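Please open the model in your viewer and keep the selection panel at hand. The stops below say what to select next and what is found there.

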Amino acid sequence: MSDLKNEISRRRTFAIISHPDAGKTTLTEKFLLYGGAINLAGSVKGRKAAKHAVSDWMQIEKERGISVTSSVMQFEYDDMCINILDTPGHQDFSEDTYRTLMAADSAVMVIDGSKGVEAQTIKLFKVCVMRKIPIFTFINKMDREANDPFELIDEIETVLGIRTCPINWPIGSGKAFKGVYDRQSGIISRFIQGDNGHRTEAVETGLDDTGLDELLSPPLHEKLLEDIELLDGASDEFDLERVQGGELSPVFFGSALTNFGVETFLKHFLKMTTTPLPRSSDAGIINPFDEDFSAFVFKIQANMNKAHRDRIAFMRICSGRFDASNEVYHVQGGRKIKLTQPQQMMAQERKHVEEAYAGDIIGVFDPGIFAIGDTVCSPKKKFAYEGIPTFAPEHFARIRQVDTMKRKQFIKGIEQIALEGAVQIFQEYNTGMEEIIAGVVGVLQFDVLKFRLENEYGVDIRMEQLPYEHIRWIKNDGTDVSSLSVTSDTKRIKDLKGRPLLLFTHPWSIKTVLERNEGLELSEFGT
Ligand code: G4P
């Protein structure tokens, strides 16, 4: 096999998604430990007080104990090169998460065994379904009292609308958690809780071993046999093609905190998930194994390192090999460029890279030329990848700077943060740039905006939330907005390109405005 083919076929790139607190960070840390990428002594218990999870890097995340920005990590395991895309757990940051999912080939969904499918999981999941991303389910926290496993998988099937195939099956939960039964090998891995409550061991025992009576009381043993029979009769059979087509989710039970079932999960998962997938472009489907390099920008982030005041564009390499010494063609910019300071992320550490392959994520220095969704490719073969969908903001606020002397910093900060795609910026018709209207998908982004303006640009702002929830761009060219007949709860504003749009508090106002203005065309998206 050629080097290129070999390198690309050993890549696995996945996103990890969950409702906040389901254990995503803990699971990620355990993966990194197996890959030898980090060596935090002990478990992550207590880390929120002492040490922050390696993937949380923004100060606001630390203060609030949530992940607000996605990060990327690479590690090696079993001769595979794995890229994990960590997604923000908070529901307010869904837009960033949606974009991150565009860069992944599969998703690991972490579910808290005592809570089942939660709101955030549903939202993220819908995006995976839309993109037919294979989903692997890890039902976590089995060392705590959990819901009935049949109920849990039934919930995944009915609420999320995907079929499931349990790969292993739990025996009890909480204090009575005895381990998991592997349905393929027929082997039980025992969970042994030590005196300190954290020590665990996996011991392999066959279903018919005499030692089993010692492990399971007769009723538990009987229940396990019944469960297995029921499962064999009722659940879908494992079918790799259906898994890779996003129709069937393999389900694993375990406990990330006590490191139980994590390595088994990783091993199975890596076998079942795909090598980097082909992607659609305006020149047809692009094969990842193509010699020619190509990538698209899925995330832009400024000031990750305050000391450097930098701006980084994250790209998912979709085909070929990236060579730092070669020039690439930036399709949207229409010119050849050199990608400077290419780097890969290992949690908080960045390392300089000279080469990378399809499936990898690289961050490059962005002098202000990239936008989310942009394509870079080999100058030999030019094409553009399909864009990344944007989501209409649902919350709006009027933002004013407190100190008018800081006008320049205010504008710079606002424009920068808007470029990253976390907020959209609008203006009223009668004000200048010292007062703007910001629109966001989730309200927590207002806090992030305020925090970042203060911390990164030294600008204090006053923010007044507005009651509007619906946004519509006016599609008809040359419309005089002031001449439109609108309802009293409609606001006329414009975007930074000067395009007119309307904000509404109620969906029925949109209907009324359309009825009152014949021929008016409104769109939820600006592009
Ligand atoms: P998230 O990234 O999905 O938000 O979840 P995270 O890993 O931060 O885990 C949330 C909480 O759940 C943490 O406890 C973590 O220790 C705990 N946890 C994760 N996996 C397991 C598990 O398998 N079993 C049990 N019993 N708990 C688990 P915390 O109290 O919020 O933080 P900490 O003070 O323990 O660090």
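The secondary structure of the chain comes to 13 helices and 31 strands, where helices (H or I, at least four residues) and strands (E, at least two) are DSSP runs, numbered from the N terminus. This is a predicted model, in which local features need pLDDT of at least 70 and side-chain atom pairs count only at pLDDT 80 or more, while totals for chains, interfaces and linings use all residues. Residues are numbered from 1 along each chain as its sequence is written, and side-chain values use heavy atoms, with hydrogens and water left out.

Residues 24 or more positions apart account for 70% of the contacts with a separation of 6 or more, a contact being heavy atoms within 4.5 Å.

Select helix α2 (residues 24-34) together with helix α10 (residues 262-272), which pack at an angle of about 75 degrees with their axes 10 Å apart. Axes are lines fitted to C-alpha atoms, for helices over the stretch in contact, and angles run from 0 to 180 degrees between N-to-C directions. The two helices, α2 and α10, are therefore roughly perpendicular to each other, the class that covers 65 to 115 degrees, whereas angles under 35 count as roughly parallel, over 145 as roughly antiparallel and the rest as oblique. Show the side chains of L27, K30, F31 and Y34 on α2 and of V262, E263, F265 and L266 on α10, which make the contact.

Next, select the open sheet of 4 strands in the order β7-β8-β9-β10, whose pairing is antiparallel; two strands pair if DSSP finds at least two bridges between them. Its edge strands are β7 (168-171) and β10 (204-206), each pairing on one side only, and the twist averages 30 degrees from one strand to the next. β7 and β8 are joined over 4 bridges, with N168 opposite D182 in β8, while 3 bridges join β9 (residues 187-190) to β10, where I187 stands opposite G206. Which residues cover the two faces of β7? N168 and P170 lie on one side and W169 and I171 on the other, and all are buried.

Now move to the open sheet of 8 strands, ordered β27-β24-β26-β25-β29-β30-β28-β31 and paired in the antiparallel sense. β27 (461-466) and β31 (522-523) stand at the edges with a single partner strand each, so one side of each is left without a neighbour in the sheet. Strands β24 (residues 395-401) and β26 (residues 435-440) pair over 6 bridges, and I399 stands opposite I436 in β26. Helix α11 (residues 407-419) lies across β24, β25 (424-428), β26 and β27, at about 155 degrees to β24, whereas α13 lies across β28 (470-474), β29 (490-495), β30 (500-504) and β31, at about 135 degrees to β30.

Finish with two single residues. S509, in helix α13 (residues 507-516), is buried with a relative accessible area of 0%, and touches T487, D489 and F504, not counting residues up to four places away in sequence. E456, in helix α12 (residues 444-457), counts as buried at 8% relative accessibility, and its C-alpha atom is separated by 9.6 Å from that of Q409, 47 residues apart along the chain.

Conventions
Buried means under 20% relative accessible area, exposed over 50%, partly exposed in between (1.4 Å probe, protein chains only).
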